[in-house]
Every structure is written in structure tokens, then in C-alpha cells.
2 protein chains.
Amino acid sequence: MEISELGEFGLIRRLTECLKIENPTTLKGVGDDCAVLSPTEGTQTLVTTDLLMEGVHFDLMYVPLKHLGYKAVMVNLSDIYAMNGIPRQITVSLAVSKKFTVEDIEQLYDGMKLACEKHHVDIVGGDTTSSLTGLAISITAIGEALPADIAYRNGAKETDLICVSGNLGASYMGLQLLEREKAVYLSQVDKSDEKTTNNSSTINIFQPDFSGYEYLLERQLKPEARRDIIEALAKANIRPTSMMDISDGLSSELLHICSQSQVGCRVYEDRIPLDYQTAAMAEEMNLNVTTCALNGGEDYELLFTVPLSQNDAVNKLEDVRVIGYITNESLGKVLICRDGSEFELKAQGWNPLQ
Amino acid sequence: MEISELGEFGLIRRLTECLKIENPTTLKGVGDDCAVLSPTEGTQTLVTTDLLMEGVHFDLMYVPLKHLGYKAVMVNLSDIYAMNGIPRQITVSLAVSKKFTVEDIEQLYDGMKLACEKHHVDIVGGDTTSSLTGLAISITAIGEALPADIAYRNGAKETDLICVSGNLGASYMGLQLLEREKAVYLSQVDKSDEKTTNNSSTINIFQPDFSGYEYLLERQLKPEARRDIIEALAKANIRPTSMMDISDGLSSELLHICSQSQVGCRVYEDRIPLDYQTAAMAEEMNLNVTTCALNGGEDYELLFTVPLSQNDAVNKLEDVRVIGYITNESLGKVLICRDGSEFELKAQGWNPLQ
């Protein structure tokens, strides 16, 4: 069905008519000039936002729309968790070009709803409009936390332990794999001399077999925000002194924490958590796996620091690894390699403006 | 300066380094995963968001970037006022293509800052990224209100008076004027056989003389969200039973209030407030001025209903006019023309998806 058949209000109605409200703090959702929220007394409100553009942040040739919706929500929820907070609501703004049907947008929205249900988050509003080219998605997430629990980037102190959840570099390797298969597919299409389908109206046209690398694809296409880590930290009574989610790459995020906390750090290469598939794919592609883990980005794992006194407690946490410690600023930001050599950490993460 | 010279973090730093925080409820602004807000106890939080796409919502051939920034903020603040709330914070997400320089984005941001300063609003975060084509702007505004003060769309009751602030149709006439001058300019460029500049890299290339119609242009390019009306209502102790801002046109908004409140309405053509310049330009362009006022949109005036008992109080308000009253749903939504004839109100406002 053409989106213009429904019009703006018809499309909004169709997308939002079965939205459930899960949070008692959501007083009014979609359908007025604003959503109305009422934070629990004593808590503080967290707000984060993100703008994703087709061709820059995602390639619809290999990203299914449902996955895209899921991921677009997850990356925002991840920012709320990265403050040690709990997400409660999101708003969703979409700009769509004529190549998209109503069913396409419903798929996108289905992915968003799935992510929200999983994290008990309410969709409370947004904007739906058109675009001349491609798809734009802007999501704002609102969360809450007790003032004393909020973990900023500027709280890391000398001797604090540096911790990372999950493993790093898998999402980046998943992207490399998708890009490689896309190139193979396009060259075949080219050779077969058929009309090329590599144009802007292409949505999900190829479905190669990725068996053996499902985990890498899942990390790239369907990342999970680490609510479980936030809950585990709370249960273990651990308050991170600083925290960020890893979206641009471990190096880049660690440098942010160091510069905002005015500290240095020492990180051990052999402590950086890697999945087997990440290592195997890096070897297959002749890439340095540590570089991928340091700079790959889109991991949406949590990077945080805890006081040295929490060493035992943090070592008991499942899926969390201590990768180094915080030092005096004058000692710099150092990576200690497997052979004992030391390098200055540099941010080579993804820069959307280059 | 090319934006890529600064990079994402460089650009963010440059745009945000002199942001002042005005609201004590803004605990942390730009610079972490989330902003941290702490609503005043007893109030509720309002959230609204908007996504503006180049070529759909604005034409950089005649919209100066500073004005665009100003307007992009105003339309969101207008939504907070339309709930009878006070805006406190915004987040700003931008996607920019390579045709924009750092100075361009600074101009855009200057307009945003000006709007924020005027309304005592803090910029507390956002996202800055690239786009393949054109500019996308997504703004989320956060406000607060006392629970009993919030004006939803569904509260209009039979016999309530329908009120409108300011005057209608001026912004639409301003747009018509800009479009006409653009067409004239382009045909001249065409005729002079120079290389045409009508391409996507065009920003603000023509500056025709609009003397006599400054007001129309100001309404289109630099609309003002009606904080003054909200303050006047509070001062006069008037609580609107329903309220919306007029962004898609009076007809469209009135139909929203009627359908959500399950009521009908009677609106008098001769009561619809018009500015002299709007009427003059409509005549010059051979347009029906009432149609422009009903369906033009982008007025960002407030449409609200008050109990009949508030008739005297509302008539004393400056720049507010009663244009009709609410009826039983069975009586329909009716426009009474100057000659006494009656028509059903229809939404012919701007539809971004057609």
C-alpha cells in the first residue's frame, strides 16, 4: 500500500493503535502535542537522542527493516543504561521517501515495538513525515535513576578498575562480512548483465548464507542494550564511578572517560574480551583483531570504572571483565600489548563527519 | 571551514562550548550519554519531538539558516505551550551533507540558541552526524506543568468557547510570496543562460525586496511560540479545557479537538482573525483568504476552548479572539460564512506524506 493512501494521520493511527503503556510514569502517550510523563518522586530524568540516516548509518540492502527498528531503539536505550538508569519512554520520528510502502514502515515499527517490549519501554510520541531521499530515524529515550546512582563520564579516579561487559569487535566484523557479501553480490549482478539493482530504491535484495557467523551478524544487526549488567551491578551493590556505552569503539570511549575525569589509564590487550567468531573472521579477512576490538564500534557493551575495593565483587559478575586500571593523568593512556610493549591509545573509531 | 576538518567531537565542542544553563532543573547538559533533568516536585514532564527534512519542510534557497534554527526550535516549544506547560530543555540532532560548512552549521545553531534564550530553554544534548543529501533537523523539547494545568485535546465540552490567539494565514501567505519570488528568480537565471544555480548545493542565493510584506515573511521565517498567551491565561486564572497549537491549519486542528473530545463545533468565518497584509496578499494572488486562514498552517498560534462562564475573562485577554463554540457531536463541525451559509469543516491542511 502506498503511504500517501493513508496520509500522515492514517499512518500514525495504524502504527500506534495497539501500543500498550507499560510504565505508570507514562500518563499520556501518543495523540496530543506532547507526551506527559511523571517521574517517580526522588528520581532524576535522563534524556538521550539519536538521528540515523540511510546510507550513512545503515544500508537497506542488507539490513532488514525490522532489525533496523530494533537496533535504532536499542542504541538509545543503551545510552540510558550507560548512565546507570532505567529507560521508560521513547519518541520516534521518521522521514520516509516514496520507495517505502506502509508495510515497510510497519516492519520497521514492529522491530521498535519488540525492542520496547523487551525493555518495558513505552513509545509515547513522535513525528512522521516524508523525505526526498531515503529514510531518517530520530529516537529520543527518556529514563530515570536515583541521583546517587547516576554514573557520569567524569567520575573515574586513580586506581579504579576499568571493566567491560560482553565482548568487543563482533559487531564490526559482522559489518565487514555484510559489506563483503554485498560486494560479491553486486559484482555477480553486474556480470550477469541484468539491469543493476544497486540503486537507492533497493531494500533487502540479497540473502546470502552466513552459517558459522550468525553471532557476528546478530551483534551487527540486532544488538542488545545491557540492562542485565545494570541490574547485576545494582544487585551486587556496585556503583560505577564512571560509565559509557561503547558505540564508537573502546579506545574512543576510554579516552572520553579519561579526558572528562582528568585521569590516565593502562589497558591490557590480553584482557580485552573477544568472541571466537570475531577472532576467526578477523584472521579470514587479514585484520588485526585487537584493532577491531579497540576501534570497531557499535558494540553497545558497557565500559565502566569501579573502585579497586570492588575488585572481588566485580570479578564475580557474569560477563564482565576487568581490562585495566585508571592512573594519574600524567602517565597517559596506555595499551600494554601481549609482548609487553606499550602504545598510546588513539581514537580511530567511526567518525560520521568524515 | 570544512566540517570534516573538525570532526564530530570538534564540531560538537565548537557548537556547545558556550551554552549556558538557565534552569535549575537541568542538572547535566551536553557531554555525557544522556542529559540529566530533575523536574520540580509535583510537576509532570512534557515531551515533544519533530523531524525537519530539507526539501520537504524548508527550502534553503530562501530560508536563512539562522531563521531555520530559530523556527525549528519554536515549533517544538509551541507544542509544549499547547499543553499549557513551560518548556525547559531541548535536544538537537543534525544530519548535514557535505555542502554545508562549519560556519553554516554555526549560523543554524545561533538561531536555535536565540530561540532558547528568548524562552529560557537549555540545550542539553543531541547528535551530530552526516547525511548523503541535504539537512535533517530533529529536535525534542521537554517541559513541565502542574498536573491540573495540563490542557489535552480531549477536554472540550458542549457550550465551551473556541478561542484563537494572534491571526491566521499569514505564515502561509509568506510562503506563497517566497515561492513566487523564487520562481521569478529561477526563470531569470534560466533566461540569462548562465549556469543554473537551482541545484541541491544552493543555500540562500537570492535576496529580493519584500517591502510591504515584512510581516508575512516574519510569520513564515521567524514564527513565535506563544508563551505570552500561556502566561496571560495563568494570570487570568483561565484553564483551557482543551488546547492545540495550529501547525497544520485551523480546520485540521479543530477537527482533532472535536474528534478527541467527541464534540461538534460552530465556527464563524467573520470571527477568524486576519492581518491586513494577509488579506492584501491573498487578493493579489487571487486566493480566498478564509481558505488560507483555515488551511494554511504553520501559524503556531494557540487554539483552545474555555468554559462559557469564562466569556468575560477571555474577552479581556489581549490578542485572543473567540471564533465559535463547541456543540453536541451530532451537530457536526460547521463553518458559518459571512452570508450565513453553513459548510462542513474539512481538513485540507498540509499533509507531509502526499
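In the predicted model, helices H2(B) and H3(B) pack at an angle of about 40°, their axes lying 7 Å apart; axes are lines fitted to C-alpha atoms, for helices over the stretch in contact, and angles run from 0 to 180 degrees between N-to-C directions. The helices, like the strands below, are DSSP runs numbered from the N terminus (H or I, at least four residues, for helices; E, at least two, for strands). H2(B) and H3(B) are therefore oblique to each other, since angles under 35 degrees count as roughly parallel, over 145 as roughly antiparallel, 65 to 115 as roughly perpendicular and the rest as oblique. H2(B) passes H3(B) in a right-handed crossing, the near helix being turned clockwise from the far one by less than a right angle. Residues of this contact include Leu68(B) and Val73(B) of H2(B), together with Leu108(B) and Met112(B) of H3(B); contact requires C-beta atoms, placed from the backbone, within 7 Å. The contact residues divide into twelve nonpolar, four polar and three charged, where Ala, Val, Leu, Ile, Met, Phe, Trp, Tyr, Cys and Pro count as nonpolar, Asp, Glu, Lys and Arg as charged, and the others, Gly among them, as polar.

Both helices also lie across strands of chain B. Helix H3 (residues 102-118) of chain B lies across E4 and E5 of chain B, at about 170° to E4(B).

These strands belong to an open sheet of six strands, with mixed pairing and the order E1(A)-E2(A)-E3(B)-E6(B)-E4(B)-E5(B); strands pair if DSSP finds at least two bridges between them. The edge strands, each pairing on one side only, are E1 (26-28) of chain A and E5 (122-130) of chain B. The twist averages 20° from one strand to the next. Within chain B, E3 (residues 44-53) and E6 (residues 136-145) pair in the antiparallel sense over ten bridges, with Thr48(B) opposite Ala141(B).

Between the chains, 57 residues of chain A are in contact with 57 residues of chain B. Strand E3 (residues 44-53) of chain A gives the most to the side of chain A that touches chain B, with nine residues. That side has 26 nonpolar, 21 polar and ten charged residues. E3(A) is joined by three bridges to the antiparallel strand E2 (residues 35-37) of chain B, and Leu46(A) stands opposite Val36(B).

Residues are numbered from 1 along each chain as its sequence is written, and chains are lettered from A and ligands numbered from 1 in the order in which they are written. In this predicted model, local features need pLDDT of at least 70 and side-chain atom pairs count only at pLDDT 80 or more, whereas totals for chains, interfaces and linings use all residues.

Terms used: Two residues are in contact if their C-beta atoms, placed from the backbone, lie within 7 Å.
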